[in-house]
Amino acid sequence: MCSSDLPEPTTGPAFAVEVPQGDAQSGLITVEIQSSSPTTQRVQFIPDVVKITVGSTVRWTNARRSASSATSHSGQEDSWDSGSFSKGTFDKEAASFEHTFNIPGCFTYKSLFSGDTATGAVCVVE
């Protein structure tokens, strides 16, 4: 469970992250960017927290036609910025962005687009 009520710090994760129970996933892990309902513009990452092994890759997918991003909070040991991505009118596949994680730790991220309130975390273990 994540709590995003804390202000963004200058170093480390932007909010407290509870590492999920169970085994870590490995290989290619998909996180979907979705609207919480057809009538709202609230965006969420599904799942919002993933636990992966070092060397695994997270692929964020956006099947919506609205732009979104997956951008790490500043000051962490690992960083990434997908930039804007969305499914085009004639695209058959969802738009996606991938990042491979090689540093252990929990890393928080958000979408940088107006109205997007989505936050998430990637917990990387040995």
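This report walks through the strands, sheets, core and aromatic rings of the model shown above.

The structure is a predicted model, in which local features need pLDDT of at least 70 and side-chain atom pairs count only at pLDDT 80 or more, while totals for chains, interfaces and linings use all residues. Residues are numbered from 1 along each chain as its sequence is written, and side-chain values use heavy atoms, with hydrogens and water left out.

**Overall picture**

Let us start with the whole chain. The protein has zero helices and 10 strands, where helices (H or I, at least four residues) and strands (E, at least two) are DSSP runs numbered from the N terminus. Of its 126 residues, 36% count as buried; buried means under 20% relative accessible area, exposed means over 50%, and partly exposed lies in between (1.4 Å probe, protein chains only). The protein exposes about 6900 Å², and carbon and sulfur atoms supply 49% of that area, as computed by the Shrake-Rupley method with a 1.4 Å probe. Among contacts (heavy atoms within 4.5 Å) with a separation of 6 or more, residues 24 or more positions apart account for 62%.

Strand 3 has parallel pairing with strand 6 over six bridges, and Ile 29 has Val 58 of strand 6 as its bridge partner. Strand 3 also pairs with strand 4, in the antiparallel sense over four bridges, and there Ile 33 stands opposite Phe 45.

The peptide bond from Ile 46 to Pro 47 is cis, with omega near -5 degrees. Most peptide bonds are trans. Pro 47 itself is found in the loop between strand 4 and strand 5.

**The sheet 5-10-9-7**

Another open sheet has four strands in the order 5-10-9-7, again with mixed pairing. Strand 5 (49–53) and strand 7 (71–72) are its edges, each with a single partner strand, so one side of each is left without a neighbour in the sheet. Strand 10 (residues 119–125) runs parallel to strand 5, joined by five bridges, and pairs with strand 9 in the antiparallel sense over six bridges. Strand 10 is mostly covered, with five of its seven residues buried.

These residues stand opposite one another along strand 10:

| Residue | Opposite residue in strand 10 |
|---|---|
| Lys 51 | Cys 123 |
| Thr 53 | Val 125 |
| Cys 106 | Cys 123 |

**Core and aromatic rings**

The largest nonpolar core has 20 residues, and those with the most contacts inside it are Ile 52, Val 58, Trp 60, Trp 80, Phe 101, Tyr 109 and Val 122. Such a core is a set of buried Ala, Val, Leu, Ile, Met, Phe, Trp, Tyr and Cys residues joined through side-chain atoms within 4.5 Å. Strands that each supply at least two of its residues include strand 6 (57–62), strand 8 (95–100) and strand 9 (105–110). Its largest share, three residues, comes from strand 3.

Phe 45, Trp 60, Trp 80, Phe 97, Phe 101, Phe 107 and Tyr 109 form one aromatic cluster. Rings of Phe, Tyr and Trp (its six-membered ring) pair if their centres lie within 6.5 Å; planes under 30 degrees apart count as stacked, over 60 as edge-to-face and the rest as tilted. By this rule there are eight aromatic pairs. Phe 101 and Phe 107 form a stacked one, at 6.3 Å centre to centre and 25 degrees between the planes. Phe 101 is buried at a relative accessible area of 0%, and Phe 107 is also buried, at 4%.

**A glycine in a loop**

Finally, Gly 75 lies in the loop between strand 7 and strand 8 and is partly exposed, with a relative accessible area of 42%. The C-alpha atoms of Gly 75 and Gly 12 are 5.6 Å apart, although the two glycines are 63 residues apart along the chain.

Definitions and conventions. Pairing = 2+ DSSP bridges.
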